[in-house]
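Subject: Structure handover

Hello,

Here is the structure I promised to pass on. Please open it first, then read my notes below.

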Amino acid sequence: MRLFTWSARRILSAHKQASGGSREIWGWLNAVFNKVDYERIKAVGPDRAASEWLLRCGAKVRFRGFDRWQHDYNGLPTGPLGRYRIEAIDATESCIMYRGFDHLEGLEHVEEIRFNKCIYIEDACLERLSQIKTLQDSLKNMTIVSCGNVTDKGIITLHHLRNLEWLLLSDLPGVKDKDQTVDRVQTALPRLTIELDLA
């Protein structure tokens, strides 16, 4: 049975072509995709619920022990509760937003997150992500590229991710004081390698 037929990537593509009054419809639809269903999280576990949210919004996930990225909502694997643990998230051009970040609570195995051309990612998203205890323990690699709403404030909050080993920051026009911002993160996380491509 097909549970979901429209991908957010397709909808975002249509959104880019839309103009005028239809923008409000797309904003509403993106907000619906990001709504957290706490009962669903209890029923299927945090990894399954987060996978559903991410794929609904046009992102991809890779499960622990698998090489292949999962991008098809209808192709999400089934199995016993807890069998599929998210190890990596690629949110490239997805419509994930702060409203949905409660889905990340309870994810214990996420080692990599990529935010690339995410128009709804902002400082509050990075701050929320950085406050999640399980991600503070597990997250090792992070990419933030072409996310125009991210500023120095959001980057600085990443210092809470105590096991972060590698961070790529590129094309972030909201980051104004890159030297001081990077220095603050690097001081808090001396083992972190930071790659920069900021103007």
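A search of the whole structure turns up one cavity of 30 Å³ or more. A cavity here is a set of points, on a 1 Å grid over the protein atoms alone, where a 1.4 Å probe fits but cannot get out. Points are joined across faces, edges and corners, and the volume is the space filled by probe spheres set on them. Rolling a probe the size of a water molecule over the atoms shows where empty space is left. The largest cavity holds about 40 Å³ of space.

Two notes on the source before you go on. This is a predicted model: local features need pLDDT of at least 70, side-chain atom pairs count only at pLDDT 80 or more, and totals for chains, interfaces and linings use all residues. Residues are numbered from 1 along each chain as its sequence is written, and side-chain values use heavy atoms, with hydrogens and water left out.

Which residues line the largest cavity? They are Trp53, Leu54, Ile89, Ile96, Phe101, Leu104, Ile113 and Phe115. A lining residue has an atom within 4 Å of a point. The lining has eight nonpolar residues, no polar and no charged. Nonpolar covers Ala, Val, Leu, Ile, Met, Phe, Trp, Tyr, Cys and Pro; charged covers Asp, Glu, Lys and Arg; the others, Gly among them, are polar.

**Helix α4**

Helices are DSSP runs (H or I, at least four residues), strands likewise (E, at least two), and both are numbered from the N terminus. Helix α4 spans residues 46-56 and is mostly covered, with nine of its eleven residues buried. Buried means under 20% relative accessible area, exposed means over 50%, and partly exposed lies in between (1.4 Å probe, protein chains only). Among the buried residues of α4 are Trp53 and Leu54, along with Asp47 and Glu52. Just after α4, Gly58 takes a positive phi of about 95 degrees.

**Salt bridges**

How many salt bridges does a search of the whole structure find? It finds twelve. A salt bridge puts a side-chain nitrogen of Lys or Arg within 4 Å of a carboxyl oxygen of Asp or Glu.

Start with Arg85 and Asp47, whose side chains meet at 3.2 Å, N to O. This pair links distant parts of the chain: Arg85 sits in the loop between β2 (69-70) and β3 (86-90), Asp47 in helix α4, 38 residues apart. Asp47 is buried at 3% relative accessibility. Arg85 is partly exposed at 27%.

Next, look within the helix. Glu52 and Arg48 form a salt bridge at 2.8 Å, N to O. They are four residues apart in α4, so about one helical turn separates them. Glu52 is buried, at 4%, while Arg48 is partly exposed, at 23%.

Now move to the strands. Asp90 bridges to Lys60, with the closest N and O atoms 3.8 Å apart. Asp90 lies in strand β3 and Lys60 in strand β1 (residues 60-63), so the pair ties together parts 30 residues apart in sequence. Asp90 is buried at 5%, and Lys60 is partly exposed at 25%. Both belong to a network of salt bridges that also links Arg62, Glu87, Glu112 and Arg114.

**The sheet**

Strands of a sheet pair through backbone hydrogen bonds, either parallel or antiparallel. Two strands pair if DSSP finds at least two bridges between them.

β1 and β3 pair in the antiparallel sense over four bridges. There, Phe63 has Ile86 in β3 as its bridge partner.

Strand β6 (residues 166-170) is largely enclosed by the rest of the structure, because four of its five residues are buried. Strand β5 (residues 141-145) pairs with β6 in the parallel sense over five bridges. Met142 stands opposite Leu167 in β6. β6 and β7 also pair in the parallel sense, over five bridges. Leu167 has Ile194 in β7 as its bridge partner.

**Cysteines**

A search of the whole structure finds zero disulfides (pairs of cysteine sulfur atoms within 2.5 Å). For Cys125, the nearest cysteine sulfur is that of Cys118, 9.1 Å away. Cys125 is buried, at 0%. The sulfur of Cys147 is 4.6 Å from that of Cys118, its closest, which is too far for a bond. Cys147 is buried too, at 0%.

Best wishes

Definitions and conventions. 1 Å grid on protein atoms, 1.4 Å probe; cavity = no way out; pocket = protein on both sides within 12 Å on 5 of 7 lines; lining within 4 Å.
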